[in-house]
Amino acid sequence: MKRFAVSLVGILGFAVGAILGPGLTADIRAAEFDLVEAHTSPPDHPYTLGMVRYADLVKERTKGRVAIQIHHSRQLGDERQVVEGLQLGTIHLTVTSTGPLGGFVPEMNVVDLPFLFRDGEHAYKVLDGEIGRSLLNKFDAVGIKGLAFWENGFRHITTSKKPVREPADMKGLKIRVMENKVHQAAFRQLGSDATPMAWGEVFTSLQQGLLDAQENPIPIIYTFKLNEVQKYVALTGHVYSPAPLLMSKKSWNRMPPDIQRIMFDTALEVARYQRGLIREQEQKQIGELKAKGMTVVENPDRAAFREAMKPVFEQFQGQFGKDLVQRIVNTK
Ligand code: EAX
């Protein structure tokens, strides 16, 4: 159907072009590179807002040769499926959490180590530098072009029955974690019943009481209205969640170098804007979540969480290479 609609526009454009002459029909002709984009979060979340800005800039800079059709809110599936779509070439572009990415590039999980990044600036320095670039380049081998690191944010724990202040409060809680073995290990270390699950099932599972808890950055908690199914949020910031902007290599390889350049440079440029939005929303939405009846534990014992998750840090540090982890920690 979509293909048909596109070619109809093309035919119409051609017909009108024949009547009006060249130059007048550029807008109704299909773009030369029509990219299907898909991600999980809703229209008011910075994944979408960043993507809208990216699509506009790319369209302008390529003079309409690249058009990005944005599909938000899991219209084309959960993150794992979308990334598989990039490999197949059925989906061309996405911004995704690192949740499922270890299944494609195992080294990527290094960023998921708990309490690895001191703050946003530390993360940006590492991810925008050599280390981040070499992680993105590893996607080449699996049919994906890594463009840039955008952001999901620092992750915090929400619960339904009791507030979380210290690691002991996590004992026995059934918490949804991303399909990511580092996250899974970190919460098992706290004695939680850590259940890996695709994001799409989480709201309903919380609503039905099949889960007690989940963890995500504030903009996700707010834009998905988790306050309707969760009573408490503890600002643990236990892990920084980057959001790589990834493209299907099939689409990338079809593009001439000048267009690739625009796709690449614009991705880096929009990262700054998109990260700024995450920060703004986080500030504002903590207050709004309180107004909606959530209890916010502003100062859980972060040092104790860090200490409690340390064995996981050490276990996986061995796997990713102590050198790499130390280089990250030592980045100033
Ligand atoms: O990408 O699965 C998750 O918890 C992610 O953080 C969320 O869907 C945003």
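**Where the ligand sits**

The largest cavity holds the ligand. A molecule counts as sitting in a cavity if more than half of its atoms lie within 2 Å of its grid points. A cavity is a set of points, on a 1 Å grid over the protein atoms alone, where a 1.4 Å probe fits but cannot get out. The model is predicted: local features need pLDDT of at least 70 and side-chain atom pairs count only at pLDDT 80 or more, while totals for chains, interfaces and linings use all residues. Residues are numbered from 1 along each chain as its sequence is written, and side-chain values use heavy atoms, with hydrogens and water left out.

The largest cavity has a volume of about 180 Å³, taken as the space filled by probe spheres set on the points. It is lined by 19 residues, and E79, S97, R176, M178 and W199 are the closest to its centre; lining residues have an atom within 4 Å of a point.

Around the ligand stand T40, Y47, E79, S97, N152, R155, R176, M178, W199, N216 and I220, where near means a heavy atom within 4 Å. Domain 1 (2–153 + 241–282) and domain 2 (156–239 + 285–330) both contribute to this shell, so the ligand lies between them.

Polar contacts are pairs of N or O atoms within 3.5 Å. Ligand oxygen atoms lie 2.6 Å from a side-chain N or O atom of E79, 2.9 Å from one of N152 and 2.7 Å from a polar side-chain atom of N216.

Terms used. Polar contact = N/O pair within 3.5 Å; in protein donor to acceptor, adjacent residues only side chain to side chain. 1 Å grid on protein atoms, 1.4 Å probe; cavity = no way out; pocket = protein on both sides within 12 Å on 5 of 7 lines; lining within 4 Å. Domains from an automatic or database assignment.
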